[in-house]
Amino acid sequence: MGYIDDEVKRLQSIVDSLDGRIKALEKSQIGGPKPKTAEEIRMILIGPPGAGKGTQAPKIKEKFACCHLATGDMLRSQVAKKTTLGREAKKIMDQGGLVSDDIVIGMIKEELENNQECKGGFILDGFPRTVPQAESLDAMLRERNQTLQHAVELQIDDALLVARITGRLVHPASGRTYHSTFNPPKLAMTDDVTGEPLIQRSDDNAEALKKRLATYHKQTAPVVGYYQNTGIWKAIDASQEPGQVWKSLLTIFDNDKAKAKSSGSGILSKLAGRS
Ligand code: ADP
Ligand code: AMP
């Protein structure tokens, strides 16, 4: 009898200790990081200036709770701070050229490594713009055991871009964009969210646009070919109104989900030995 009592006491103390550890764990979860339920996204948006990358990216960011990295915005922030890099970049940007690959690759690498928002995935907007940038991105992702899921090309005729670019208004701090005719702010030249003034970018004029489009066709069009070869390229008609462009993006995401389901790539099917 003494042996059974001792054993019951021993088991009781194990149960008490486990109970305490579970309560402590539950307590540490309150206010801590929430369990990750959202799907992760890793994608790039390719398209000429004015195609709508910066208009659609915030909606993707909201849907997937990921980061939105726009190399143009990062460079403009350097210009605003008047750093050495900013001064050099401004000359190139105003002429419609491309800043050196090393600089933009470094910026993206730094963000992917340190920006907490990128833990939920990322949308790259305006990067990669050259084949060496695309190759570096692949190498960066390989190091992280990750792959890109989508390379979405926003296709649009050059002729439609002049009106979009010359009417674009920007809230520099957030990168939010408006259009004087197609998407005007509630109050003229004022950001709807912060009430701060909107600006027109110094490179958003017809002359600089001509050069930016030439740069796009010469240096960025080959990036489209690069992703067509990998099988993750998809094209969207970006001349549609913004709501329709968004619907086309949602179709891409939904098709991807359906494909993953039918190929049984979930954890349960892995446990069942189906993938
Ligand atoms: P990008 O980031 O590709 O350079 P933006 O998203 O900044 O292009 O769009 C350029 C301009 O065109 C902005 O003023 C924006 O409000 C407007 N715009 C974006 N998408 C559309 C669209 N589908 N139809 C009409 N205007 C648009
Ligand atoms: P965007 O805001 O994407 O229109 O970019 C504005 C300008 O920044 C471009 O015209 C380039 O001069 C420069 N820039 C942005 N992204 C890149 C990139 N990935 N590679 C080289 N230059 C870039």
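Is Gly 97 buried, partly exposed or exposed? I looked this up in a predicted model, where local features need pLDDT of at least 70, side-chain atom pairs count only at pLDDT 80 or more, and totals for chains, interfaces and linings use all residues. Residues are numbered from 1 along each chain as written, and side-chain values use heavy atoms, without hydrogens and water.

**Gly 97.** I found Gly 97 partly exposed, because its relative accessibility is 32%. (Buried means under 20% relative accessible area, exposed over 50%, partly exposed in between, with a 1.4 Å probe and protein chains only.) Gly 97 sits in the loop between helix H4 (84–94) and helix H5 (101–114). Helices are DSSP runs of H or I with at least four residues, and strands are E runs of at least two, numbered from the N terminus. Leaving out residues up to four places away in sequence, Gly 97 touches Ile 92 and Thr 215. Contact means heavy atoms within 4.5 Å.

**Arg 212.** I next checked Arg 212, in helix H8 (residues 206–228). Arg 212 counts as buried because its relative accessibility is 10%. Beyond its neighbours within four places in sequence, its contacts include Pro 49, Arg 201 and Asp 203. An unreviewed UniProt entry lists Gly 97, Arg 201 and Arg 212 among its "binding site" positions. Such annotations may be inferred rather than shown by experiment.

**Helix H3.** In H3 (residues 71–80), I noted Thr 71, Gly 72, Met 74, Leu 75 and Gln 78 as buried. Seen down the axis of H3, they fall within an arc of 165°, so they line one face. The arc uses directions from the helix axis to the C-beta atoms. Their cover includes strand E2 (67–70) and strand E3 (121–125).

Methods: Chains lettered and ligands numbered in written order.
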